[in-house]
Amino acid sequence: MNTLLYYIALVFMISLVSNATPFFGAAYTVYASIVLMNLKPNASVVMLFIVVTALGAALAKNTMYLIGVALRRPMAKSRNMIFLRGLLRFGFLWLIIIVLAVIPGIPLDDYLYVGTGAAGASLSRLNAYVLLGKLIKSSIEIPIELTLLNTIYNATSTLGLSRLEFQLIFAIAFTALGVVLYKLDWWSMYNWLRRRISALPDIS
């Protein structure tokens, strides 16, 4: 029992810290799966780890929201902030948050959480929707990773990369991609798309 509690606390802290540090959150379900392999778990223990990892990951995203709050004034006139506030009015942003929270390997949701803070979105609603997304993510990824972990590690070991090296490469790549996405004019792109798809609402 003490061993299980130790691993639960460990997995929670890994999920919290990795998601509070941009671009490293994608690995936390892998670490949870490694720990679970040591425990030889039953279904209830797997479910417990799913909930614990989701809680840690969701709580960590408050860091990104607070960064957005701190940057609210300099970001207020950004066309992308106008776009985000429009999405908030129509409720589309919450669906996007759930989808981005679920997508594995691409921690671009951090940029959206910064935007929600700057746009004045509800923090309680943000936490609820992020938690839902992270629960879905952990429910999908952890069982699959438990089954395929040995195969995955064998495949990556042929590249001669350690796990840390692999994460660093992806961190740099996603940082560059995130900067590019941040520089895009979402407002203009949405209006371009709206002119071609009349069903899309006007969020100006």
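Just after helix H2, lysine 40 takes a positive phi of about 50°. The model is a predicted one, in which local features need pLDDT of at least 70 and side-chain atom pairs count only at pLDDT 80 or more, while totals for chains, interfaces and linings use all residues. Residues are numbered from 1 along each chain as its sequence is written, and side-chain values use heavy atoms, with hydrogens and water left out.

**Overall layout**

The chain has eleven helices and zero strands; helices (H or I, at least four residues) and strands (E, at least two) are DSSP runs, numbered from the N terminus. Of the 204 residues in the chain, 37% are buried, where buried means under 20% relative accessible area, exposed over 50% and partly exposed in between (1.4 Å probe, protein chains only). Among contacts (heavy atoms within 4.5 Å) with a separation of 6 or more, 81% are between residues 24 or more positions apart.

The buried residues of H1 are Tyr7, Ile8, Val11, Ser15, Ser18 and Asn19. They cover an arc of only 115° around the axis, which puts them on the same side of H1; the arc is that of the directions from the helix axis to the C-beta atoms. The face of H1 turned away from this buried side carries the exposed residues Asn2 and Tyr6.

In H2, Tyr28, Thr29, Ala32, Ser33, Val35 and Leu36 are buried. Their arc is only 165°, which places them on the same side of H2. An α-helix has 3.6 residues a turn, so residues three or four places apart point the same way.

**Packing of H1 on H3**

The axes of H1 and helix H3 (residues 43-60) come within 7 Å and cross at roughly 30°. Axes here are lines fitted to C-alpha atoms, for helices over the stretch in contact, and angles run from 0 to 180 degrees between N-to-C directions. The contact involves residues of H1 including Tyr7, Ile8, Val11, Ser15 and Asn19, and residues of H3 including Leu48, Phe49, Val52 and Gly56. The residues of this contact divide into 15 nonpolar, four polar and no charged. In this count Ala, Val, Leu, Ile, Met, Phe, Trp, Tyr, Cys and Pro are nonpolar, Asp, Glu, Lys and Arg are charged, and the others, Gly among them, are polar.

Isoleucine 136 is partly exposed, with a relative accessible area of 33%, whereas lysine 137 counts as buried at 3%. The C-alpha atom of isoleucine 136 is 8.6 Å from that of alanine 101, 35 residues away along the chain. For lysine 137 and alanine 101, 36 residues apart in sequence, the C-alpha separation is 7.2 Å. Leaving aside neighbours within four places in sequence, isoleucine 136 is in contact with Ile98 and Val102.

**Helix H11**

In helix H11 (residues 186-196) the buried residues are Trp186, Trp187 and Tyr190. Seen down the axis of H11, these fall within an arc of 100°, so they line one face of the helix. Arg195 and Arg196 are exposed on the other side of H11.
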